[in-house]
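The following note sets out some points for a colleague who is meeting this structure for the first time. Please read each point with the structure in view.

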Amino acid sequence: AMVRDPKDDPKVRDGKRLSMSGYQALPTFLGFVFVGIPLWVTVLLPSAVVSGILGIPFKKRKAIAPPEPPATSTVAIKPLESRKFDLVLFGATGFTGGLAAKYLAKNYTGSQVRWAIAGRQLSKLEAVRDELCKINPKLATLELLVADTSKPETLSSLVDDTRVVITTVGPFAQYGTPLVAKCAERGTGYCDITGETDWFRQMIDRFDGQARKSGARIVSFCGHDCVPWDLLLQAVAAKIKSSGEAVKSATFYDEIRSQASGGTMETVRQSLTGRAPYKATLGFDPLLKSIDGSQSSSRMVSANQAFLSYSSENRTWVGPFVMAAVMANCIRRSNAVNQYGPKVVYKEAAVYSGFMAGFVQTFGLLFFGTALMIPPTRWLMYKYLLPKPGEGPSEKTMDGGFLKVTAVVRGDKGSKATGMIYFPTDPGYRDTARMLVESGLALALDGDKISAPGGVWTPASCQGPVLLRRLEATGTTIRVD
């Protein structure tokens, strides 16, 4: 079931290739074998071990005390139909936010969609609007809203005036909470592109109850993390369940070509400099909170690919995917709500074009991770090598990007279904912008077709098939066999 006619493959149709195909990997492979590995063994690894023993890399942070429950809000909630905007994009002056603004300008100017952009500095918002006018001169009258999450009072009118806020302003643990709090209080829909699971757990614990009361649908993971995996599993699980079985296991094979932006690297840095433990008031993992508020009996175990090996099922070399733990946690929440199965085993692996490419990318990840553990090399990398917040891949690099995820899902009585989802351009930024905008529009325009009540959700436990249809209409391909 896994092997299809290549003519059937949208990746082949679009002429997309994984990085380091064929012998392109040879020079880097030899460099790693003769220079990289010796350097790692003799210098990086010992330095990381010493740093670890001395406790240098991680500042111990005090555990975050569970907050006081939000005061029962006396704010009168403005009816959605009387709000000025369908959608407000917060963070339009950043790299991914700018791509989302361009996507809105190209696809939804002069349409029925009423949208505006928001950010901290008016002058930067004006510069974004000037750029957007090159796409469509009608945007000269686009409204600009000045708001700053460090001053929560500036968020009130923004949140009151729109049906849905979509935001790219991360790291979300640092900047996201006041906006979630305000949306939960005022019954406003919310979508973000976070990949920060610890923070998402806190948002469920702190604001899910209030969002249920106000009707606010708060949805995290609305970008490359984790829309493709989340919606693909929902679609394939529906096939397994239609034959009267529960899902027993879900295995994902990721073919991806994408590059990191400065914002992503800043999030990595924040997570490395000390995760603050958080004790949930619920008494159980907030990801497992079900629709009725109790602990769900639908659980998940993750068994993600940890090293380079050959997959006989997929007939390719596979290795660890750096974001697999995030996808697994998003799907842990979706399973708790959607009940795919009582104990789903989740596996995910990155697919390589061959052994050498796999070796280079797996070892490269190890090399990079070790270097980040050592304070001086981490400082040097962030100062001179890695992109700064607001920077990201070039248009040409993004043109070559793509994402193709294949899923193999097995039922508890032996049945098997497969599926594939494909994104035709850079998934981490350009198509993340599309996923975020369409996630927000699904809530703003198709809210009546979504059965999820107010609460803190994932894409599959909220917008689900409504979002999938919007993505298919704008460039995504999905197949379920």
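1. The sulfur of Cys183 has its closest cysteine sulfur in Cys191, at 9.6 Å, which is too far for a bond. A disulfide is a covalent bond between the sulfur atoms of two cysteines. The cut-off applied here is 2.5 Å between the two sulfur atoms, and by this rule the protein has zero disulfides. Please bear in mind that the model is predicted.

2. Is Cys183 buried or exposed? Cys183 counts as buried because its relative accessibility is 0%. In the protein as a whole, buried residues account for 53% of the 481 residues.

3. The secondary structure of the protein consists of 16 helices and 15 strands. Of the contacts between residues at least 6 apart in sequence, 81% join residues that are at least 24 apart.

4. The overall dimensions should be read together. A compact globule of 481 residues would have a radius of gyration near 23 Å, and the value of 22 Å for the protein agrees with this. Along the principal axes, the C-alpha atoms fill a box of roughly 65 × 55 × 50 Å.

5. The surface deserves a separate remark. The protein exposes about 21100 Å², and carbon and sulfur atoms supply 57% of that area.

6. How many positive and negative side chains does the protein have? There are 58 positive and 42 negative side chains. The centres of these two sets lie 3 Å apart.

Technical notes. Residues are numbered from 1 along each chain as its sequence is written. This is a predicted model: local features need pLDDT of at least 70, side-chain atom pairs count only at pLDDT 80 or more; totals for chains, interfaces and linings use all residues. Side-chain values use heavy atoms; hydrogens and water are left out. Buried means under 20% relative accessible area, exposed over 50%, partly exposed in between (1.4 Å probe, protein chains only). Helices (H or I, at least four residues) and strands (E, at least two) are DSSP runs, numbered from the N terminus. The radius of gyration is taken over C-alpha atoms; the globule rule is 2.2 Å times the number of residues to the power 0.38. Contact means heavy atoms within 4.5 Å. Accessible areas come from the Shrake-Rupley method with a 1.4 Å probe; for residues, only the protein chains shown count as cover. Lys and Arg count as positive and Asp and Glu as negative; His and the chain ends are not counted. The place of a charge is taken as NZ of Lys, CZ of Arg, CG of Asp or CD of Glu.
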